[in-house]
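Please open the model in the viewer and keep the selection panel at hand. The stops below are meant to be followed in order.

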2 protein chains.
Amino acid sequence: MNLNAQEKKAGFLQRVKAFLSKLKDGVTKRIRNIQKFGKDDPRRIIHSIKVGFSLTLVSMLYYVRPLYNSFGVSGMWAILTVVVVSEFTVGGTLSKGLNRGFATLIAGALGVGAVHLARFCGHKGEPIVLGILVFSLGAAATFSRFFPRIKQRYDYGALIFILTFTMVAVSGYRTDEILVMAYQRISTILIGGTICILVSIFVCPVWAGEDLHKMIANNINKLANYLEGFEGEYFALPEKISKETNSCVREYKSILTSKSTEDTLANLARWEPGHGRFRLRHPWKNYMKIAGLVRQCAFHFEILNGYILSDVKAPEDFISKIQEPCSIMSREAGEALKAIANSIKTMNNDSVCVNAHIENSKKAIENVKFAFKSSSTETEKDLLEFIPGVTMASILVEIVNSVEKISEAVEEFFGLAHFKETLDPKLSPELEQQHHHHLIHRGSVKPVLEGDNEEEYSSSSHVLVIVHDEQPPTTNEKTNLGAEKTRDNVV
Amino acid sequence: MNLNAQEKKAGFLQRVKAFLSKLKDGVTKRIRNIQKFGKDDPRRIIHSIKVGFSLTLVSMLYYVRPLYNSFGVSGMWAILTVVVVSEFTVGGTLSKGLNRGFATLIAGALGVGAVHLARFCGHKGEPIVLGILVFSLGAAATFSRFFPRIKQRYDYGALIFILTFTMVAVSGYRTDEILVMAYQRISTILIGGTICILVSIFVCPVWAGEDLHKMIANNINKLANYLEGFEGEYFALPEKISKETNSCVREYKSILTSKSTEDTLANLARWEPGHGRFRLRHPWKNYMKIAGLVRQCAFHFEILNGYILSDVKAPEDFISKIQEPCSIMSREAGEALKAIANSIKTMNNDSVCVNAHIENSKKAIENVKFAFKSSSTETEKDLLEFIPGVTMASILVEIVNSVEKISEAVEEFFGLAHFKETLDPKLSPELEQQHHHHLIHRGSVKPVLEGDNEEEYSSSSHVLVIVHDEQPPTTNEKTNLGAEKTRDNVV
């Protein structure tokens, strides 16, 4: 019995130890995850500190006696404004702040008017008139929020309109100091909003426009990476194919569903003042056009993928015939995309190089067609066996066409963008750095257009540098931008 | 001079008249637009009225003397809660309401604790301790909002946590009645939240889950419509092709970018209690799986489209050979999709019919292959000319595979869903109606599986009914669901 009890005790202690070590492992793992998450995009940490700082700053309305004497409990509206207006991007903060400010002003004025109107109707009629007004304006403003145009830009304003109007109208029934109340509320909201906007713009700003710009360039780079890897994947010996392992090649998949993130960023970017090399009336719409074409190209990859992963391949002699032109096609199209992505990143249009690559891939199309022609006369095999190879090549041709469309859209974009000539290192140090990087490495570029004449090459060589300063890896980028998406609409 | 002045006056009057008539036209046009917008989805109007009603109800806290005496100005928290928690769907309202309630409770308790802790540090230390606490908790909660899991479900809760904690901690510095304040705030928020949730659930509820369910079924129907129209578009005589006119055929395009809407609806659906034939633990995740496969199929359509619109077609004798099997392939795949969509709509799995159609389209694949084989021996034309036709057929084969995958996913879904056997007409009258419709029209179905044996056909005929009670047309549906998307995160 005694021994049994001792055994039980030992067992219990062991279990406690096991539990504690498990707990410790779990906690350290979680802490490491959090650290990694913060390191992936340090702007998240900076943003959190900015919000904490703004909150502390606005608390002064309570801590400092003279401020508290003039605003009293209305100080809480400043706190509410800071919590709710502090968005990750400058565009988000400005859109929220301006919406909140103007909606409060308009609804406050209407509310005061409604209270005065209701007072004409006697003490019994007053709540009825106020009730009808609150009901009808509340319903109308709610309905207006369904309209796409209003929703896109003024959704938050409509919400604050309902809120402020109802509050002013309803409290007006109980207090005579309605004007004092309105003044206090508006001034505290202005204080809170101003703090947020100033902190957002002047302390490590995160510009939605710059994010959008980088995102489009990165997406084009992802397409280029896929095309670069295509040759190795499709024409590899069967035993060498590593299915679904090459994550760099598959990273284009995030483009398939990135539309809503792009739309959100473009919407926010419109609220931002000129910054860095972006002017105030930057053609944000054109980003959407380019993004649409990029996505169209990604759709083609998705179909092409089926043929890469398929075990059914065309006969070897046919494959060996089309291998060279197909490889050139995909490689040159990839190089063209890299050049486009780099043009966008450095904000220097380099259409000469892009067009040279596109021309090369078009020449390769002709060679593929020639290979098809010769196979049909030489071989006696039936059509059925050629299908996978033919379809693959056919989709590749479509991809080249798609790349050409992207290049045209980028060309049009550069025509409208008028990026500021000189870089302002204060506002976008990263872009400046890129530029430097790019200039420094100019000499070490490996020639790619080997087949072309020397002159054409030397005039276009400098855009072939690939600057590896991408955003964080796909998954994190996704979550970060996803955050942006769902955060754009908080009171 | 006088004449000139008269002329001027007449011209001025004319301009005024023109302006007024223009204004009138503009106003009537706008009013008509608004009416149409409301008619497209009357639930929008109902929602607006519901919000107005809730606002009026909550105003009673001010109008009714005994209520005002017990809550005072804290009544405004109830108004704020109503404005902010009233979402279009039940799931949205519940998620907001519960997040707000729990976050307020937790943050309120922590805030009271923080105030008591700070009081130990003397009058000078108090604001410093409070400031540090507000800064660190505010920054930590802001950072937590970046994590995808928290963002997806508890983003609003984190926001309210920051808000409430800061307010309680900061006002605690100035008032000794902090517990009274906390009690008033929490009880008014509970009142406001309860009103919203009750109105949302019991007055014409809009269930996010039902919307998602219908959306998936409609998307599958859109795919079916495309395949139905494919034959007519591709094999039409060149002069008969109407490029980009057949909007019904192109409506699948909305599926390409519908992921974020589906994700949002699925997220909200998880908050909803069992309703209609949906149980509490309905497999909402599986909708995402089906939706992913549907989108994959739409990607194929997007590529196929290029070949429909292209002027380069294969030689006529080749086309005429593959026309029949290709037509059967697309038609049968389309019928399978219609059957699947109908299964989902009526919540009655009819795999027999779906599988029969899929089998038929697979048989057609063999016929296409046979046609390819025979053309390669018969004709002497070169491979190049066949490319467009071969690629088209090859993509069509991929589409049939894709439809089979959708059918398997739907099969799996039905295995998990366990829809309630009896329909509850109160909770989903529309679905009930559909069911009736479906039964009534059973006899009038035109046989489609002509080639099949009588028995198989008669056992599966009833799912071929296409119930035309789709959601509003694409554009409106899009905007409406878009509204849902951006509205899900307001304070």
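Which helices of chain A and chain B each supply at least two residues of the lining of the second largest pocket? Bear in mind throughout that this is a predicted model.

**First stop: the pocket lining.** In chain A, select helix 3 (65-71), helix 4 (75-85), helix 7 (148-172) and helix 8 (178-202).

Colour the lining by residue class: 19 residues are nonpolar, nine are polar and six are charged.

**Third stop: the interface.** Now select the residues at which the chains meet: 86 residues of chain A are in contact with 86 residues of chain B. The area buried between chain A and chain B is about 8200 Å², with carbon and sulfur atoms giving 75% of this area. To examine the side of chain A that touches chain B, begin with helix 2 (residues 43-63) of chain A, which contributes the largest share, 13 residues. By class, that side of chain A holds 48 nonpolar, 23 polar and 15 charged residues.

**Last stop: specific pairs.** A search for salt bridges between chain A and chain B gives a count of zero. For polar contacts between chain A and chain B, the count is six residue pairs, with both residues at pLDDT 80 or more.

Technical notes
Residues numbered from 1 in each chain as written. Chains lettered and ligands numbered in written order. Predicted model: local features only at pLDDT ≥ 70, side-chain atom pairs only at ≥ 80, totals over all residues. Heavy atoms only, no water. Contact = heavy atoms within 4.5 Å. Buried area = accessible area lost by both parts, 1.4 Å probe. Salt bridge = Lys/Arg side-chain N within 4 Å of Asp/Glu carboxyl O. Polar contact = N/O pair within 3.5 Å; in protein donor to acceptor, adjacent residues only side chain to side chain. Helix = DSSP H or I, 4+ residues; strand = E, 2+ residues; numbered from the N terminus. Nonpolar A, V, L, I, M, F, W, Y, C, P; charged D, E, K, R; others polar.
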